[in-house]
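Biologist: I would like to learn how to read the core and the surface of a model. Please take me through one.

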Amino acid sequence: MIINTAGIAAVAVFYLVILFVGMLAAWKQRKAGRGTSSPEENIMLAKRDLGLFVGVLTMTATWVGGGYVNGSAEAVFSNGIVWCQTPFGYSLALILGGLFFAKPMREKGYITMLDPFQIKYGLNIGGLLFLPALFGETIWTASILSALGSTLSVILEMDNNLAVFSSAAVAVIYTFFGGMYSVALTDVIQLFFILFGLVLCIPFAWMHPAVNQEALVNQNWLGHVEPSSSGIFIDNYLLLIFGGIPYQAYFQRVLSVKSSKQAQWLSYMAAILCTLLSIPSILLGGIAKNTDWLNGTDYAMALTSPDQVKQVLPLVLNYLTPQWVSFFGLGAVSAAVMSSADSCILSASSMFTHNIYKAIVCPSASGPHLMIALRVSILAVAAIASVLAVSINSIYGLSLLCSDMVYVLLFPQLLLVIHAESSCNKYGCITSFLFGIILRILSGEELLGLPVVIQFPFYNDGRQQMPFRTLIMVFTLFVHLGVSFVTEQCFTKGWLPQKFDFLNSYPLEMTYQQEDISPEELHFQFMTNGKLEATVQEVELTEMGPKFDSVLSISHPKVKSSSIPIQTSKIHLNN
């Protein structure tokens with residue numbers, strides 16, 4: 001194996017540029033954040049001062065990852081544009097996210113996507129939803145790092161493990177020190193590399209002698225969908241559209257901008273850019289489809305095996321463009337991977353620090369303490385993702401299953417807690433969560449060797465032919481609503497004794513005005529500023545001191561502690 005030293009040097013220069021920008025942003029962030037009361041929140045959300053321009057670019061760069069760039073070329077090469085579903089599905093996800101989720105999430109000042117769950121269901125039950133969110137972010141990071149490793153090994157003859165760990169290390173260093181601010185500014189640079197590198201490769205690849213120019217122009221770019229595959233086609237699109245919304249990487253940007261209006265606009269504008277940035281990969285995939293790889297290139301093999309097809313984009317960069325051009329294309333792929341990897345690492349770490357460590361493990365932790373926890377979790381997530389990227393061959397299957405889990409489990413939960421909060425409770429949350437997991441596993445997954453136990457209608461040739469993931473998602477949603485309604489009726493109308501309410505969803509009635517804050521939300525908001533005991537017995541809220549009143553005045557100016565009546569019996573706040 002001959003190592004391409006010139007290519008490795010070019011990649012090293014690119015990494016140094018990204019590292020310099022990231023560390024410069026970290027230095028400015030640290031200087032501006034000195035003396036603040038919540039340094040960990042500043043790291044997570046860039047002080048909620050992200051401008052619209054930078055916000056749009058970092059949102060776009062986060063979605064245009066390695067799988068997005070490589071996968072689009074692969075889909076067009078194999079089946080045509082109609083099966084290039086990722087760019088258009090994720091663009092629609094951004095539009096719907098802006099329409100229905102960005103505004104309420106930003107207006108309520110949440111810190112992570114999991115906050116509304118913990119406010120509604122309590123800290124522990126809400127924290128349960130951290131598991132699929134963490135699993136999805138970590139495995140997604142591993143899958144794109146794995147894609148980068150294989151790309152570098154094809155073009156540069158570079159060791160796969162070295163490529164993965166070095167790329168992860170660069171992303172971790174500036175994320176470790178600068179958080180969201182560093183991630184956002186490096187995303188701007190990385191987005192430029194993606195656009196410039198891929199666009200530069202197109203004319204050189206198009207005019208390569210091995211490319212059949214007449215067939216390239218006249219080919220069926222669109223492709224078609226077989227009737228027997230229509231159910232899978234619809235299911236994949238719905239999975240991308242609705243399953244692309246409940247990701248912390250998306251909401252981290254929504255919650256980092258200055259206003260809810262900006263949160264919506266950055267979603268809409270990023271959707272447009274995501275669609276436009278798929279065009280270079282689509283063109284390169286079409287070029288590869290009309291190339292005589294066997295007789296016209298140094299590769300000297302036809303692209304027939306699945307492993308070869310997955311490498312379509314790096315093969316085009318390596319064999320259909322001059323070497324110096326391929327370096328820019330490689331920089332584009334590396335930028336796409338790093339722009340998504342750093343976002344996922346920070347997203348998973350933010351959820352753990354805020355929703356698990358601070359909320360459950362150590363509620364009294366100070367700002368510096370939480371900064372240590374955040375940085376340790378950044379290292380841990382990056383390390384786990386890197387190890388998975390170099391050790392598991394079925395990383396694509398795992399990432400696909402994670403998308404399923406996010407779609408089946410998190411989307412219906414998020415939809416209900418944001419838009420039907422009064423119609424759901426803890427019993428519905430837990431029951432639907434378990435129901436969704438069991439039903440999805442029993443539906444089978446060929447990539448992971450899971451046998452099909454439940455055969456949906458039109459099952460044929462060992463495959464579910466109808467949109468079964470969407471059906472499971474809808475079933476999960478209605479199970480949540482149904483169980484919540486039944487349990488509410490049982491406990492509020494006295495059909496079941498209070499002692500059977502083992503989740504304490506309907507404790508002894510507390511009366512407060514419509515405009516007042518609920519006990520769960522009051523507990524959660526106070527928890528973000530100081531420790532509040534889970535049980536209050538025979539006390540008036542005014543005895544908790546001026547700090548408690550200050551929390552009320554910030555979130556609900558009309559509410560005073562003296563106006564909230566508290567029974568003298570025990571009040572069990574969710575924890």
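Predicted model: local features only at pLDDT ≥ 70, side-chain atom pairs only at ≥ 80, totals over all residues.

Modeller: Residues are numbered from 1 along each chain as its sequence is written, and side-chain values use heavy atoms, with hydrogens and water left out.

Biologist: What percentage of the residues count as buried?

Modeller: Buried means under 20% relative accessible area, exposed over 50%, and partly exposed in between (1.4 Å probe, protein chains only). Of 575 residues, 56% are buried.

Biologist: Which residues have the most contacts inside the largest nonpolar core?

Modeller: In soluble globular proteins, nonpolar side chains tend to be buried together. A nonpolar core is a set of buried Ala, Val, Leu, Ile, Met, Phe, Trp, Tyr and Cys residues joined through side-chain atoms within 4.5 Å. Here the largest has 142 residues, and Leu152 and Leu414 have the most contacts inside it. Helix α9 (residues 160–206) gives the largest share of this core, 17 residues; helices are DSSP runs of H or I, at least four residues, numbered from the N terminus.

Biologist: What does Leu414 touch, leaving aside neighbours within four places in sequence?

Modeller: Contact means heavy atoms within 4.5 Å. The partners of Leu414 include Phe101, Met113 and Ile245.

Note on methods: Helix = DSSP H or I, 4+ residues; strand = E, 2+ residues; numbered from the N terminus.
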